[in-house]
Amino acid sequence: MFLVGLTGGIASGKSSVTQVFQQLGCAVIDVDVIARHVVQPGYPAHRRIVEAFGTEVLLESGDINRKVLGDLIFNQPDLRRLLNTITHPEIHKEMMKEIFKYFLQGYRYVILDIPLLFETKKLLKYMKHTVVVYCDRDTQLARLMQRNKLSRKDAEARIEAQLPLKDKAHLAHHVLDNSGEWSITKRQVILLHAKLERSLEYLPLRLGVLTGLAGIASLLYLLIRCLLPSP
């Protein structure tokens with residue numbers, strides 16, 4: 001099994017592309033979903049966030065108010081880094097659990113939906129392939145303004161807070177251009193999935209694991225033979 005890192009930008013259409021991969025039967029791990037999971041009440045990250053940022057970031061239910069916390073760190077890099085040091089280790093633990101589960105189920109590859117794949121760079125070394133969902137800036141701006149009911153100024157500020165999509169496209173192994181009609185984008189996703197499914201890059205790891213298990217079984221057999229009394 002090998003890992004495929006999927007990323008994009010705000011309003012680029014990454015969520016829609018992820019849905020197509022899932023419809024094709026792909027194993028997809030959404031890091032945003034995991035990130036929301038690990039900050040639920042009762043989890044270590046929740047307690048540490050409250051200790052670092054105060055109870056003003058909580059809803060009445062005790063859950064983290066993501067909007068308040070997001071606004072708090074939006075223009076403050078130091079606070080953003082502090083939040084990352086709290087949440088990232090917990091997110092990585094949950095990701096590894098999910099990856100191992102899909103490995104045992106026999107998937108050839110697993111897609112990791114990671115919004116900040118190229119910004120943080122921490123997980124890049126584990127990705128055999130990287131995929132960017134791209135659209136041109138004018139399209140991105142128009143979609144964001146319409147979707148989030150933002151002014152042009154606010155939408156531009158949110159786009160500029162991220163690494164430009166054109167830069168991500170240069171860094172990725174594969175680019176899915178979502179600037180035009182959705183049917184064209186969907187066709188690109190289907191073709192990429194077929195290419196990844198045909199790849200034999202999953203074999204070395206799987207064969208290595210099977211070889212290791214066979215070795216362990218052989219050792220156990222010899223150990224049992226030594227411990228059993230001779231006839």
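In the predicted model, five strands pair in parallel to form an open sheet, in which the strands follow the order 2-3-1-4-5. The two edges of this sheet are taken by strand 2 (27-30) and strand 5 (174-177), each of which has a single partner strand, so that one side of each is left without a neighbour in the sheet. On average, and with direction ignored, neighbouring strands are turned by 25° against each other.

Helix 1 (residues 14-23) lies across strand 1, strand 2, strand 3, strand 4 (129-134) and strand 5, and runs at about 160° to strand 3. Helix 5 (residues 77-104), in turn, lies across strand 1, strand 2 and strand 3, with a direction at about 175° to strand 2.

The aromatic side chains were examined next. A pair of aromatic rings is described by the distance of the centres and the angle of the planes. In this structure there are 2 aromatic pairs. One of them is formed by Phe2 and Tyr109, whose rings are stacked, with 5.6 Å from centre to centre and 15° between the planes. Because Phe2 belongs to strand 1 (residues 2-7) and Tyr109 to strand 3 (residues 109-113), this pair ties together parts that are 107 residues apart in sequence. Both residues fall under the 20% limit for burial, since Phe2 has a relative accessibility of 5% and Tyr109 has a relative accessible area of 2%.

The rings of Tyr102 and Tyr107 also form a pair, which is edge-to-face because the planes stand at 85°, while the centres are 5.3 Å apart. Tyr102 counts as buried at 13% relative accessibility, whereas Tyr107 is partly exposed, with a relative accessible area of 27%.

Charged side chains also sit over aromatic rings. Lys101 lies over the face of Tyr102, at 4.8 Å from the ring centre, and the charged end of Arg158 is placed over the ring of Phe74, at 5.8 Å from its centre.

A further residue, Glu51, is part of helix 3 (residues 44-53) and is exposed, with a relative accessible area of 57%. From C-alpha to C-alpha, Glu51 and Ala169 are 38 Å apart in space, and in sequence they are separated by 118 residues.

Note on methods. Residues numbered from 1 in each chain as written. Predicted model: local features only at pLDDT ≥ 70, side-chain atom pairs only at ≥ 80, totals over all residues. Heavy atoms only, no water. Helix = DSSP H or I, 4+ residues; strand = E, 2+ residues; numbered from the N terminus. Buried < 20%, exposed > 50% of the residue type's maximum accessible area, 1.4 Å probe, protein only. Phe/Tyr/Trp six-rings, centres within 6.5 Å; stacked < 30°, edge-to-face > 60°. Lys NZ or Arg CZ within 6 Å of the ring centre and 35° of its normal. Pairing = 2+ DSSP bridges. Axes fitted to C-alpha atoms, helices over the stretch in contact; angles between N-to-C directions. Contact = heavy atoms within 4.5 Å.
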